[in-house]
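Subject: Handover of a structure and notes on what was found

Dear colleague,

Please find below the sequence and structure that I am handing over to you. My notes on it follow directly after.

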Amino acid sequence: MKLPLILFGVTIICVCSVSGSVLDGSERERDSVLSYIENRVVAAKAPPSLQSLMVNLTLIQGATAKGAVCLDGTPPAYHLDVGFGSGANSWLIQLEGGGWCNNIRNCVYRKTTRRGSSNYMETQIPFTGILSNEPEENPDFFNWNRVKLRYCDGASFSGDSDNEAAQLQFRGQKIWLAAMEELMSKGMQNADQALLSGCSAGGLASIIHCDEFQALFPNSTRVKCLSDAGFFLDAADVSGGYTLRNLFAGVVQLQDVQKNLPESCLNQLDPTSCFFPQNLVDHVQTPLFLLNAAYDSWQVQASLIPSSADPAGSWNDCKSNHANCNSSQIQFLQDFRKQMLHAVQDFSRSAQTGLFINSCFSHCQSERQELWYSHDSPLLMDKPIAIAVGDWYFDRDVFKAIDCAYPCDNTCHNLVFN
């Protein structure tokens with residue numbers, strides 16, 4: 001049964017089958033508490049099937065000479081699978097996520113991992129979900145040139161500074177520019193269609209760089225952006241503090257992120273506020289699609305209920321599995337959802353924007369094949385995510401849908417933490 005209604009010009013709809021994904025604590029990374037949880041959530045991706053396309057790592061040529069380097073000074077990198085057929089002149093860029101580092105200690109640790117050094121990056125990774133090369137897994141983008149830009153700066157590809165004493169390079173903006181220059185030289189300059197996407201910290205980066213991406217192309221090129229699980233809210237945690245704001249403030253100050261934030265935002269708000277997507281999206285001129293779970297697992301775990309805000313552990317059972325939440329805890333999460341809906345009000349009114357906000361406990365839905373497009377994918381308005389994004393990108397349909405509140409949607413693949 002479906003229960004649609006219209007709110008802010010957006011379709012609110014209830015669709016109803018339940019499944020879960022379990023996260024094993026053994027896959028944890030120790031970056032900082034917040035980026036560590038992000039890595040743990042991203043690790044929930046189902047293991048690639050034997051048929052998954054494995055794509056080689058490519059270091060960006062000449063990047064080091066341009067100062068475009070990872071935290072430890074190594075060259076940045078990407079994975080590219082060349083397009084074919086009707087997609088030969090279409091390009092999809094996926095910006096990798098993986099939290100942030102907000103102080104010297106966290107960044108020094110991070111540069112000993114794949115999140116801060118190309119020395120530790122996998123030489124091959126599977127391309128699944130929006131990166132898949134199979135039409136039955138990725139109907140609209142399977143034969144495009146598909147790129148995964150690796151994340152090794154710790155500030156959503158937006159910083160530009162260094163710390164000589166700690167031997168740290170904060171060069172996210174230069175990495176972005178060097179990567180775009182290399183891809184343009186590899187044929188992206190001839191693109192007739194282009195989509196910039198990203199997950200989590202990469203989803204934030206896709207918002208920050210959306211207009212820069214469009215500026216690379218002539219007006220005749222169809223250019224749009226997709227932010228997956230990147231709509232981080234400036235919301236109070238369970239103790240009344242602002243854990244995520246404090247983290248973002250450290251990132252912005254440490255890495256001089258304000259240099260690369262929109263002046264139109266900085267004229268109204270402080271730099272940390274302008275690192276929050278709710279304050280950024282209204283300054284983006286390029287068509288933008290927001291894909292987000294209303295109860296985003298990373299935000300629930302790391303922003304709303306971090307251990308620092310719940311030292312007694314009274315939320316541990318709830319944040320590990322939403323089925324264990326009591327009524328007052330569920331109400332807190334419902335209030336968070338309401339904040340998200342309020343934050344997208346103005347954004348949703350624009351004719352060129354797209355919206356897919358489902359009432360799931362999930363994170364990074366475009367990269368996980370079972371969430372992006374499969375026989376039991378999450379649905380809104382009877383459409384899986386891949387079809388909704390494709391309809392919006394190709395102007396086949398205006399897609400703006402917000403789920404009704406938990407627990408109405410039984411098509412979710414809710415994450416459960418062990």
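Strands, as the word is used here, are DSSP runs of type E with at least two residues, and they are numbered from the N terminus. Ser197 belongs to one of them, strand β11. Please bear in mind that the model is predicted.

Setting aside neighbours within four places in sequence, Ser197 has contacts with Leu92, Ile93, Gln94, Leu95, Ile130, Ser206 and Leu226. Lys224 is 27 residues away from Ser197 along the chain, and the C-alpha atoms of these two residues are 8.7 Å apart.

The disulfides come next. A disulfide is a covalent bond between the sulfur atoms of two cysteines. How many disulfides does the model contain? The count is 8, and three of these pairs are described here.

Cys199 is bonded to Cys364, with 1.7 Å between the sulfur atoms. This pair links distant parts of the chain, 165 residues apart: Cys199 is in strand β11 (residues 193-199), while Cys364 is in the loop between β14 (354-358) and α13 (369-372). The link of Cys199 and Cys364 is right-handed, with 65 degrees about the S-S bond. Are Cys199 and Cys364 buried or exposed? Both are buried.

Cys360 and Cys412 are also joined by a disulfide, with an S to S distance of 2.0 Å. The torsion about the S-S bond of Cys360 and Cys412 is about -80 degrees, which means that the link is left-handed. Cys360 and Cys412 are both buried.

Cys318 and Cys325 form a further disulfide, with 2.0 Å from S to S. The link of Cys318 and Cys325 is right-handed, at 85 degrees about the S-S bond, and both cysteines are buried.

Finally, helix α11 covers residues 327-343. Its 17 residues, at 1.5 Å a residue, should span 24 Å, and this agrees with the 24 Å between its end C-alpha atoms. Which residues of α11 are buried? They are Gln329, Ile330, Leu333, Gln334, Phe336, Arg337, Met340, Leu341 and Ala343.

Yours sincerely

Conventions. Residues numbered from 1 in each chain as written. Predicted model: local features only at pLDDT ≥ 70, side-chain atom pairs only at ≥ 80, totals over all residues. Heavy atoms only, no water. Disulfide = S-S within 2.5 Å. Helix = DSSP H or I, 4+ residues; strand = E, 2+ residues; numbered from the N terminus. Buried < 20%, exposed > 50% of the residue type's maximum accessible area, 1.4 Å probe, protein only. Expected span 1.5 Å × (residues − 1). Contact = heavy atoms within 4.5 Å.
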